[in-house]
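I opened my notebook to record what I looked up in one structure.

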Amino acid sequence: MRKSGILMAVSSIPSQYGIGTFSKEAYAFVDFLEKAGQKLWQLLPLGPTGYGDSPYQSFSTFAGNPYFIDLEALIEEGYLTREDCEACDFGSDSTSVDYEKIYLSRFRILYQAYQNSHIQENPAFLQFQEENADWLADYALYMAVKNSFDGKSWLFWDEKIKQREPGEMARYRETYADEILFYEFQQFLFTKQWQALKEYANRKDIRIVGDIPIYVALDSADTWANPQLFQLDDTCTPVAVAGCPPDAFSRTGQLWGNPLYRWEYHRQTGYQWWIRRIAHCYQLYDIVRIDHFRGFDEYYSIPYGDETAENGQWMPGPGYDIFRAVKAELGKISVIAEDLGFLTPSVIRLVKKTGYPGMKILQFAFDSREESDYLPHNYEHNCVVYTGTHDNDTTAGWYEKLKRKDKSFARRYLQIRERKEIHWTFIRAALSSVADTAVIPMQDYLGLGGEARMNTPSTLGMNWKWRMNAGDCTDELAQRIRTMVKLYGRL
């Protein structure tokens, strides 16, 4: 069935108190999606963020971001007062997230809510603890211990707790029992509020597309609690880390720094950790987009300690074996394979064998030097087309900077005669294509320029900040989108 959706991060919702949350404005955005005839809401990863504020470097692959907890709901539940919230400084720019101020204020106000909650007496919370015991206890302890070491990565903790010696684990659990419970309280609120919002969307026939990175962060509860899953030595130091080789976009490659999987161990255990991870995703989302899908076929291994990605080498991944195991355990699941970049024949075969739709990005199509798989006339039905992703400039910003020959090619291909509302020309090209699914970033529907870009890869400091204005989701815009998706059979 042909369908379409909108890509927008939760952080970009124009909620009160400095960052987008699971607030009434999020419910209003779902209403907007319905009016606009959309069937999908694609998100960025929902995990708790650390250094650099990237949702792709999370402290846990299972936990949720406490920044997204709606404070208005906590006021209604009596955990906080409006005066409590308004006394905090969450930043003054409604179009941008001030992560430093959010970090300094959010945990303080949530701790106040925790103290007022008497959460230990809540049967629903006790059930939540029990149902999520396989990751929740480790995550909450990890965060408490991390705070006791002034936020340092677990690689630099005292040796006994770094190595998870049972006596030391018990001592930390006792010493930081209150803080551990506070972190579990956050996850309870996150899950309760997110499930309510997701159910609201599902009732309106809108499915949630969640995004998970293939790798977990080195500085994460996942790596600390499960060192056997990763390429670490006896001192828990990585042997090699993830990244991408040098290419036309990066002379020295990309050094991501994530720990690499010990794929032979995963195979011997029947990929149980991966199955548990993916099963957890389907508690949060309806469809999962797996970032860097190529890594299942081959992964790029960079010696730990290298300052660039130049000395890495390609190593074999698990291939189809992991998806066979996942299917045997979980049945048929809805996945989008992020298969961007240089694709070898073996990667192409793997994507085809899984049957998962790959991705097509219009901004990658208009290279005047060569024929591109990203041009709409080369699409197959089983794919998802985007004008751009969170890693691209907005379409308006990208087009403005396009090289003269490439822009001339785009103008001829799309029959562009004037520059006015150029973003709608690209949106039309995506929606009219044969791709079964089309997803458009919200910034493109709003026609915003480079100032609304979500992320510039390999940079720090200015990313993940963009927020939508409160009045942007108008009935007029919803009707215009609906008319176009109806025209191209996606309603």
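My entries on rings, helices, strands and one tryptophan follow.

**Ground rules.** I am working with a predicted model, in which local features need pLDDT of at least 70, side-chain atom pairs count only at pLDDT 80 or more, and totals for chains, interfaces and linings use all residues. Residues are numbered from 1 along each chain as its sequence is written, and side-chain values use heavy atoms, with hydrogens and water left out.

**Aromatic rings.** I searched the whole structure and found 54 aromatic pairs. Rings of Phe, Tyr and Trp (its six-membered ring) pair if their centres lie within 6.5 Å; planes under 30 degrees apart count as stacked, over 60 as edge-to-face and the rest as tilted. I picked out Phe293 and Phe323, which are stacked, with 5.2 Å centre to centre and 20 degrees between the planes. This pair links distant parts of the chain, 30 residues apart. Phe293 is in the loop between strand 6 (287–291) and strand 7 (298–303), while Phe323 is in helix 13 (residues 320–330). Helices (H or I, at least four residues) and strands (E, at least two) are DSSP runs, numbered from the N terminus. Are Phe293 and Phe323 buried or exposed? Both are buried. Buried means under 20% relative accessible area, exposed over 50%, and partly exposed in between (1.4 Å probe, protein chains only).

**Charges over rings.** I also looked for charges over rings (NZ of Lys or CZ of Arg within 6 Å of the ring centre and within 35 degrees of the ring normal). The charged end of Arg164 sits over the ring of Trp224, 4.4 Å from its centre. The charged end of Lys407 sits over the ring of Tyr399, 4.8 Å from its centre.

**Two crossing helices.** Helix 4 (residues 99–117) packs against helix 9 (residues 177–203) at an angle of about 100 degrees, with the axes 10 Å apart. Therefore helix 4 is roughly perpendicular to helix 9. Axes are lines fitted to C-alpha atoms, for helices over the stretch in contact, and angles run from 0 to 180 degrees between N-to-C directions. Angles under 35 degrees count as roughly parallel, over 145 as roughly antiparallel, 65 to 115 as roughly perpendicular and the rest as oblique. I listed the contact residues (contact means heavy atoms within 4.5 Å). Helix 4 brings residues including Phe107, Tyr111 and Tyr114. Helix 9 brings residues including Phe182, Tyr183 and Phe185.

I found an open sheet of four strands in the order 5-4-7-8, with antiparallel pairing. Strand 5 (254–259) and strand 8 (313–316) each have a single partner strand, so one side of each lacks a neighbour in the sheet. Two strands pair if DSSP finds at least two bridges between them. Three bridges join strand 4 (residues 240–244) to strand 7. Ala242 stands opposite Ser301 in strand 7. Elsewhere, strand 10 (residues 358–361) runs parallel to strand 11 (residues 383–386), joined by four bridges. Both faces of strand 10 are covered: Gly358 and Lys360 on one side, Met359 and Ile361 on the other.

**Trp466.** Where does Trp466 lie? I found Trp466 in the loop between helix 18 (442–445) and helix 19 (475–487). Trp466 counts as buried because its relative accessibility is 8%.
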